[in-house]
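Thanks for asking for a second pair of eyes on this one. Here are a few notes to read alongside the structure.

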Amino acid sequence: MSIITTMTRMWLTRSFKPFQFMNEYDQTLSYQHTEQLGLYIHIPFCNNICSFCPYCKEKYNKERCESYLDYLIREIHAVAGSSSGRKQVTSLYFGGGTPALAIDRLQEIIDAINSHFLITEGVGVELHPENVTVDNLLKLKNIGVTKISIGIQSFQEKFITMLGRTSPDYSKMFKALDEVKLETVSMDFIFALPEQNIDDLKADIAMAFANGANHIAIYPFIDFSFTDSTIPAMRKKEKRKLLDEITLYCESKGYHRDSIWTFSNNAHIKYSSMTRDNFLGFGCSATTLLKDQFKINTFSIDEYEKRIAENKLPTSLTIRFTERQRMIYYLFWTAYSTSISSHDFQAFFKKPLGKAYGLELWLAKILGFIKVDGDVYKMTLKGAFYYHYYENYYTLSYIDKMWGIMRKEAFPKEIHF
Ligand SMILES: C[S@@+](CC[C@H](N)C(=O)[O-])C[C@H]1O[C@@H](n2cnc3c(N)ncnc32)[C@H](O)[C@@H]1O
Ligand code: SF4
């Protein structure tokens with residue numbers, strides 16, 4: 001870890017204590033009094049494995065998937081079974097992997113969730129383009145799914161080939177989206193691929209909004225060290241130019257920016273499993289963020305099942321936050337939505353934001369990263385780029401290291417930053 005990162009961490013957390021993830025966990029999670037709680041469920045199976053993808057997944061096998069789902073349902077009851085009544089939660093998101101490979105059992109999983117939780121803002125599912133058929137969309141709609149996110153990556157053959165994927169018959173996909181309407185239809189794209197320019201991205205964005213999407217996510221390509229991808233990362237200067245051009249293009253079209261990488265054609269439309277104050281995650285590699293801790297489940301499907309069979313939670317690592325560490329986590333993830341509200345910070349920590357980070361906010365304002373609008377700090381275009389840049393750096397130095405280790409070791413002893 002570089003000296004600059006360590007110094008920054010010490011400055012922001014006002015402590016020498018590193019972010020320490022330990023091989024220990026609470027068998028009973030205390031989330032009952034948590035407000036704004038979201039739920040996430042991970043399904044780690046795909047028909048084909050993409051070489052660039054960092055997520056926890058393996059090639060689909062029916063028997064293995066069925067067994068995993070049995071244990072997943074047991075994990076839900078193990079986490080939530082000890083509380084009485086149904087806890088109100090915002091949303092439930094299924095991610096992966098390819099959750100549609102478990103489509104015929106999603107109802108059973110949602111029933112398990114509904115026996116302990118009351119979902120108020122709908123259910124979302126990530127889909128591979130090949131999953132977008134009339135039959136699947138009807139099945140999803142019938143079990144209460146209101147949001148979908150489709151991993152398009154690019155509508156252009158040259159980039160899909162570069163990514164080692166194949167394009168489906170888009171006309172069938174668009175027809176299915178036209179026939180079965182859902183509240184949120186988001187499409188995922190990757191930018192900063194070699195030789196990709198703003199015209200390529202404008203064409204993708206226009207194609208999405210003209211064919212059923214009301215929300216898009218444009219992620220920068222990240223070259224994780226543990227993947228087999230040979231695609232080189234784009235240079236910082238070129239990437240910044242592209243990100244600014246994408247933002248300006250979307251703004252010129254009147255699209256609403258609801259996070260660093262997401263835009264919608266309606267400000268009420270949202271698809272995000274990330275921007276929650278707190279969440280519970282179920283399944284391999286799923287993370288849980290509570291007021292006092294963050295925990296990650298094991299990446300090993302075998303060890304996941306073994307732990308649950310022993311009536312233990314499948315947690316691999318836990319970090320127990322100091323208050324300042326939790327503030328940094330809160331600010332980092334809230335900033336992802338491009339604004340931070342002093343009122344919300346005060347409600348969460350019972351302390352004024354200006355008192356906790358007055359100097360840093362003043363500096364961010366002087367440097368042109370944020371603007372103040374009432375009690376809300378809003379990110380400028382420059383701020384959004386530097387946030388994006390730091391997030392990229394964070395992903396490569398923290399997530400890359402952690403996931404790299406967790407893919408090899410089911411329960412590492414300790415990881416610290
Ligand atoms: C779990 S996948 C989406 C659903 C489905 N599995 C699919 O691939 O179509 C989540 C999204 O992460 C993004 N993603 C995966 N690997 C990435 C990488 N190395 N850099 C940037 N984005 C990536 C892709 O846009 C992908 O659609
Ligand atoms: S990008 Fe999607 S389909 Fe490809 S391996 Fe990752 S999760 Fe599976």
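In which loop is Gly97 placed? Please keep in mind throughout that this is a predicted model.

1. Gly97 sits in the loop between β6 (92–96) and α3 (106–114). Do have a look at the backbone there: the peptide bond that joins Gly96 and Gly97 is cis, with omega about 15°. As background, most peptide bonds are trans.

2. Gly96 and Gly97 also turn up among the residues around ligand 2. By residue class, the shell divides into five nonpolar, five polar and one charged.

3. Next, a point about phi. Most residues other than glycine have a negative phi. Asn311 has a positive phi, near 60°. You will find Asn311 in the loop between α9 (301–309) and β17 (315–320). Is Asn311 buried or exposed? Asn311 counts as exposed because it has 9 C-beta neighbours inside 10 Å, and the cut-off for exposed is 12 or fewer.

4. Lys350 deserves a look too: its phi is positive, about 60°, although Lys350 is not a glycine. This residue lies in the loop between α11 (342–349) and α12 (353–366). Lys350 has 7 other C-beta atoms within 10 Å, so it is exposed as well.

Note on methods. Residues numbered from 1 in each chain as written. Chains lettered and ligands numbered in written order. Predicted model: local features only at pLDDT ≥ 70, side-chain atom pairs only at ≥ 80, totals over all residues. Near = placed C-beta within 6 Å. Nonpolar A, V, L, I, M, F, W, Y, C, P; charged D, E, K, R; others polar. Helix = DSSP H or I, 4+ residues; strand = E, 2+ residues; numbered from the N terminus. Buried ≥ 20, exposed ≤ 12 C-beta atoms within 10 Å, placed from the backbone.
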